[in-house]
Amino acid sequence: MVDLESEVPPLPPRYRFRDLLLGDQGWQNDDRVQVEFYMNENTFKERLKLFFIKNQRSSLRIRLFNFSLKLLSCLLYIIRVLLESPSQGNEWSHIFWVNRSLPLWGLQVLVALISLFETILLGYLSYKGNIWEQILRIPFILEIINAVPFVISIFWPDLRNLFVPVFLNCWLAKHALENMINDLHRAIQRTQSAMFNQVLILISTLLCLIFTCICGIQHLERIGKKLNLFDSLYFCIVTFSTVGFGDVTPETWSSKLFVVAMICVALVVLPIQFEQLAYLWMERQKSGGNYSRHRAQTEKHVVLCVSSLKIDLLMDFLNEFYAHPRLQDYYVVILCPTEMDVQVRRVLQIPMWSQRVIYLQGSALKDQDLLRAKMDDAEACFILSSRCEVDRTSSDHQTILRAWAVKDFAPNCPLYVQILKPENKFHIKFADHVVCEEEFKYAMLALNCICPATSTLITLLVHTSRGQEGQQSPEQWQKTYGRCSGNEVYHITLGDSAFFAEYAGKSFTYASFHAHKKFGVCLIGVRREDNKNILLNPGPRYIMNASDICFYINITKEENSAFKNQDQQKKSSFSRSFCPGPSRLPVHSIIASMGTVAIDLQDTSCRSASGPTLTLPTEGIREVRRPSIAPVLEVADASSLQTCDLLSDQSEDETTPDDKMSSNLEYAKGYPPYSPYIGSSPTFCHLLHEKVPFCCLRLDKSCQHNYYEDAKAYGFKNKLIIVAAETAGNGLYNFIVPLRAYYRPKKELNPIVLLLDNPLDDLLRCGVTFAANMVVVDKESTMSAEEDYMADAKTIVNVQTLFRLFSSLSIITELTHPANMRFMQFRAKDCYSLALSKLEKKERERGSNLAFMFRLPFAAGRVFSISMLDTLLYQSFVKDYMISITRLLLGLDTIPGSGFLCSIKITEEDLWIRTYARLYQKLCSSSGDVPIGIYRTESQKLATSESQISISVEEWEDTKDCKDQGHLRGNHRNSTSSDQSDHPLLRRKSMQWARRLSRKGPRHSGKTAEKITQQRLNLYRRSERQELAELVKDRMKHLGLSTAGYDEMNDHQSTLSYILINPSPDTRLELNDVVYLIRPDPLSYLPNSEPSQNSSLCNAAGQDSREETQL
């Protein structure tokens, strides 16, 4: 190793430490030269310039003194006029000579000397080589006219009474005021308001004109009417206001000429000032002005930072923000770099918003604009990304810089940030609340494949509503659906709650069931006082404490509720005093009015001695009556904890040993070894034992490991889930993980196919004919369009094509704009769709924020827009827990002990439960699940219309033979294609023409003519649905694919689906209802023993108890 110390040369003797301490005489002989800098500022002129001009504070003092001096000179002139006795006669000498007392003359001389000296000094200091430029300046000329005669009068006493127009000093005072305001803003380091300066200049100019006119007319009329100052003021005001009474008029030609000159000056100067003021006013209207410091300190406000403000985004924010009562007094300051849109300007001029919304044009990266918005005093700052840009990464970069700038300027201001790409989320970890669009989007799309309409469920939960939508509709499902949509998530401390206070020391499931039974509220989660983590349905082992914070779903929060017990009301009728039977159940009527809920609690004390009983389905001839639903225990005992093991993967117990071995070899439970981006929450899920080679991930191409080229060849046991996206981004990780979560049975895992391009051939190869769901993600390349709402055009048309080609396929679509949901599954002549369109318009006129909720595709969960989740970020300002609860529901975050969202389907064997309240008890007592809603599908009962009639040739022929029938019988069939839009009359005319054409030919025609006629008839007899089916089958045959999986199954035209969030306890269960559940974490209940031992213990507990806990 080289010795580095030996390579460093020693210091010269003059730099040694000993020489520094003891002194070295050798340095005096060095050739170094001491240099002094800024010697030019040491001269006398530069020091004076620094004091009078350059230094802001000293210059401000000088200008303030000069302004006071000019005002003093004008005041002395007024005193001289008031003290002067009226002159006798009309001689011109009265114009040039005045009576001035000696003390007054002395004061005016002193003021003139000081002003002249200051003017000469400032002219000398600002001299730049051109003497005439300094002399010909108007302020210098006025100073000479007003000061030099007084200086001359010192040496020539006869000139002491010479008239000097000292009133012209008002213009010098105006000039000094302007300079003083500029120095003032420079001294306090604050940006001046151009509007304020222009208004000040205009007012001072007007005052100077009036004062000059008053003094000039009063002096010139000394040889006329001898007007005093008040008469001159009266004349000037009447003249400048264009009133002109005529009672006071100038008499001398000189005064008349002076008035004409002043009017000409006013006509030139004032319009220029007004023009500049109007221009600045218009510019201020564009930029928005400032948010005053006084208002920021006395009123509360939030700042909304966006790159471009659209009317939809603005209205969503304002409607959701001001939906909360305690935010009514808040101001909203919008900081946007672009000019205000015409529609936005029109909305902000509405009195409802003009008093509470302030628009500022500026950038969040400039401290001046942040100061204008008073960001340091704001209660919160919302930073939203522009999702309409083609490059979403660039949009995220802009959002990140805005967040950094706000955090640097106002460190204590809470930040609410919206980001688009999950890989950019770690840059803004310091923000108080962050919503990543792609995380939520893909998680909702994934859960839509497992739990239908999860996107609709989450959207309704995060929107503020009173549940009054659809109440004017004649259809019952719209009333029920609209009323239940008003349910939201609220929180309250258990000890302070009338809902949950009595359940302290009891289990969570006991509190949830009885609170729903008694009050109709759904307790879904809890949080310890000393813990920040929210636990969704922690299960029966969790014991409630008085300090716990409870999270519940209800039509409104408890603080806005009034409770009326049945005993306090009037006595009911005699028929209600008895229990009439099992059909008589507690009825909880929830009335939402003006933010207050009145809950009628029926008297449930009247029960039979044996309790409610249900007859279970009998086996053979065995008929045994027994309690069908076990009670929910206050504290879970050992036996109930054993039952909780039923939450483990039952697929392992239900399969054969061979299948169990194969499944265990194929899958393993664990955490993903790699994370696609920083900040993703680790999720326990199903994994493969070995990593699949990259070449095997191509479904349509074979490799050295397998020779399959289409999905059918793989022989998947479960149906496929196809994701049609533009690119395989990092957000796709949040789509895969919920579908591979550890709590999902292995036998229910669906293969996932990523389709980056969707021509017909690729769709057929990837197995679209036997897919369970197809998810269509909005394309980023279509985000930017000439018209904003056209960004969804490509997606809508592609989905409509899929909808017509594959009628049985369940398609889940994401759109950019919620307003475009009305084009999904579009039917031009569908009467029911037109009725829903009218209903949507009426709800929008009533001020509803959820007018689009009655569209059938949205209600069924087949379409959603990620922009509808913007309200999640807005709600977090009032409910800081909403983002955490939503992430737990979607599976984006996993907390030990917290439950997850899943669903069960009501079959015919489960209808004996009958009501939602009994189902609630059944789930809480058996598995600890907490139901939160129902996804219901009903048959669509519509009147027959032309758009729903499809006529076949055979029926047409039968109808023609029957002469007595006066109308045509239609054959209704379920079809999702647009053949319903074909007019039956046109098809009938074409068939008549073909029939006549075949009959016109001679009977002895050849076989060729008959064959052509038969082919022509066959072409006209085909329906559009058959043509599409033949097209798809021909294409599949061309690709070498089997057409066995493609058939014309019925679609969902005759059915409608909707969601009931937290329905009333007496809601009847119907066949095929899907119940949303929050299931406890299975890992928190599994003991240390093996699952096989747990299942044997459960079997030993008895077959009867197992039947009771199983739906």
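Is Asn537 buried or exposed?

1. Basis of the note. The model is predicted, so local features need pLDDT of at least 70 and side-chain atom pairs count only at pLDDT 80 or more, while totals for chains, interfaces and linings use all residues. Residues are numbered from 1 along each chain as its sequence is written, and side-chain values use heavy atoms, with hydrogens and water left out.

2. Asn537. This residue is buried, at 0% relative accessibility; the term buried stands for under 20% relative accessible area, exposed for over 50%, and partly exposed for values in between (1.4 Å probe, protein chains only). Asn537 lies in the loop between strand 9 (535–536) and strand 10 (549–554). Strands are DSSP runs of E of at least two residues, numbered from the N terminus. The phi of Asn537 is positive, near 45°, in a residue other than glycine. Most residues other than glycine have a negative phi.

3. Asn1062. A positive phi, of about 45°, also occurs at Asn1062, which is not a glycine. Asn1062 belongs to the loop between strand 23 (1055–1061) and strand 24 (1074–1079). With 5% relative accessibility, Asn1062 is buried.

4. Cysteines. The count of disulfides is zero, a disulfide being a pair of cysteine sulfur atoms within 2.5 Å. For Cys236, the closest cysteine sulfur is that of Cys213, at 3.1 Å, which is too far for a bond. Cys236 is buried, its relative accessible area being 1%. Cys436 is likewise buried, at 0% relative accessibility.

How values were computed
Helix = DSSP H or I, 4+ residues; strand = E, 2+ residues; numbered from the N terminus.
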